[in-house]
Amino acid sequence: MTKSLERYVRHIQYVRHERYERYAWAGCAVVALGLAVVSDLGPHRVWGVVAGAGYAVAAVLACGARSRPAARVVAVAGAVLMPLVSLVTAGLGQLEVTVVEWSGQLLLTTGSPYVAAPTAVADFNPYLPGMAFFGVLPGDARWWLGGAFVAALAAAGLHRAWLLACPLVALPLSVGGIDLPVVGLMCLGVVLAGQARPGRAGLVLGAAAALKWTAWPALPMALALIAVRRGGRPALRYAAVALSTVTAAVLPFALAGPSGFYRSVIAFPLGLTDTTSPAASPLPGHLLATYVPDGRVIALALLAVSALLIAVSLVVRPPRTARAAAARLALGLGLAMTLMPATRFGYLVYPLVLGALAYRMSQRGSTTVTPVAPSREKTLV
């Protein structure tokens, strides 16, 4: 009786979500077209026009029950595939794509992805050495960055069309995408930690931490999850694999050129160099640093306090499920992205995707997400 009631409630919720889907796509169309109007960046304007048209068609198709699956296909195609192909063909993209591709070429020619004494914005490579791997691969780096993101989400069981078509995900997939493989690997690592696979979780999260420092909060979160669920020995195994992976990927380059590594990876993102980072969205941390006396110090102090509170919570109340770990990561990174002095709206993809993972787990009523065979309602497109 209880299971029948649960199935009925889920069916009602599903019908409601379907009913409001048209309004969601219409809202995305307004957001995309609005970005095309207000943005001064060419790639963003191209994405806004193309994606806005795709969202609008998806909204019309979502009005009919039989055409709703087609609406999701159109939304993904119009918001991701069409603008991505258009921008790659035209050679347009955010500066971060050029930085990744250039760092890959530097790695091949000089043995290091960093310039020893960077001066201009384009000289700085604020990513960890693993990111240069995407610049070594042939073709536009966005194909590999997006492919890694989609593959990681699929492995984690988070194959949802609405997530790919969401503007906060679709825009970076088309114009940049640096943060997407990082958060995708974080999701997969949390899922593996919840499934009691410490070695694989350590390898995946170590790889994510070798791409960008924003993945590092996932390392202690997964450690706490494994320790509370499986005990000390699996936790030590996870820690050994994760630390070995990130150390092997990062330490040789940090030691080979410590000055260039520090200036690009640490000082530049924190706004401690003479060259200003272009990441300047009007979020609280940037507003504090810009308009309040000693605001940069205040923002960094608030950032440190929020990190400390999350760390204390791991000791006082460690996460006991992968869902809880994903939700706490989403909260912690959401605070961090809003308090950073040099920040941008694109960083909000971290709490969005991790929050979507936690929501997906709660929908399935389990502590972990197990990849499932595609069905009509659960397929990617």
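Visitor: Is Lys 212 buried or exposed in this model?

Guide: The model is a predicted one. Burial is read from relative accessible area, and a residue counts as buried under 20%. Lys 212 has a relative accessible area of 4%, and is therefore buried.

Visitor: With which residue does Lys 212 form a salt bridge?

Guide: A salt bridge is read from the separation of a side-chain nitrogen of Lys or Arg and a carboxyl oxygen of Asp or Glu, which must lie within 4 Å. Here the partner of Lys 212 is Asp 179, and the closest N and O atoms are 2.5 Å apart. The pair links distant parts of the chain, 33 residues apart: Asp 179 lies in the loop between α9 and α10, and Lys 212 in the loop between α11 (198-209) and α12 (218-230). Asp 179 is likewise buried, because its relative accessible area is 5%.

Visitor: How many salt bridges does the structure hold, and which residues form the others?

Guide: The structure holds three salt bridges. One of them joins the side chains of Arg 72 and Glu 21 at 3.0 Å, N to O. That pair also links distant parts of the chain, with Arg 72 in helix α4 (residues 68-90) and Glu 21 in helix α2 (residues 21-38), 51 residues apart. Arg 72 counts as buried because its relative accessibility is 13%, and Glu 21 counts as buried because its value is 10%. Another salt bridge is made by the side chains of Asp 140 and Arg 142, at 2.9 Å, N to O. Both Asp 140 and Arg 142 are buried.

Visitor: What is the geometry of the pair formed by Phe 133 and Phe 134?

Guide: Phe 133 and Phe 134 form an edge-to-face pair, 5.9 Å centre to centre and with 70 degrees between the planes. Phe 134 has a relative accessible area of 8% and is therefore buried. Elsewhere, Trp 25, Trp 47 and Tyr 55 form one aromatic cluster.

Visitor: Which residues have the most contacts inside the largest nonpolar core?

Guide: A nonpolar core is traced by joining buried nonpolar residues through side-chain atoms within 4.5 Å. The largest has 98 residues, and those with the most contacts inside it are Trp 25, Tyr 55, Met 186 and Val 353. Helix α10 (residues 180-194) gives the most to this core, with eleven residues. Leaving aside neighbours within four places in sequence, the contacts of Met 186 include Leu 205, Ala 208, Ala 218, Leu 329, Tyr 350 and Leu 354.

Visitor: How many residues of helix α9 are buried?

Guide: Eight of the nine residues of α9 (residues 167-175) are buried, and the helix is mostly covered. Among the buried residues are Pro 167, Val 169, Leu 171, Leu 173 and Val 175. After α9 comes Gly 177, whose phi is positive, near 90 degrees.

Visitor: Which residues make the nonpolar surface patch?

Guide: Leu 287, Tyr 291, Val 292, Ile 298 and Leu 302 make this patch of about 450 Å². Helices α15 (284-291) and α16 (295-316) each supply at least two of the patch residues. Tyr 291 is located in helix α15, and counts as exposed because its relative accessibility is 65%.

Visitor: How many helices and strands are there, and what do the totals for the protein show?

Guide: The protein has 18 helices and zero strands. Of its 381 residues, 47% count as buried. Among contacts between residues at least 6 apart in sequence, 74% join residues at least 24 apart. The protein exposes about 17,600 Å², of which carbon and sulfur atoms supply 68%.

Key
Residues are numbered from 1 along each chain as its sequence is written. This is a predicted model: local features need pLDDT of at least 70, side-chain atom pairs count only at pLDDT 80 or more; totals for chains, interfaces and linings use all residues. Side-chain values use heavy atoms; hydrogens and water are left out. Patches are made of residues with over 30% relative accessible area and no salt bridge: like charges are joined within 9 Å, nonpolar side chains (Val, Leu, Ile, Met, Phe, Trp, Tyr) within 5 Å. Accessible areas come from the Shrake-Rupley method with a 1.4 Å probe; for residues, only the protein chains shown count as cover. Helices (H or I, at least four residues) and strands (E, at least two) are DSSP runs, numbered from the N terminus. Buried means under 20% relative accessible area, exposed over 50%, partly exposed in between (1.4 Å probe, protein chains only). Rings of Phe, Tyr and Trp (its six-membered ring) pair if their centres lie within 6.5 Å; planes under 30 degrees apart count as stacked, over 60 as edge-to-face and the rest as tilted. Contact means heavy atoms within 4.5 Å.
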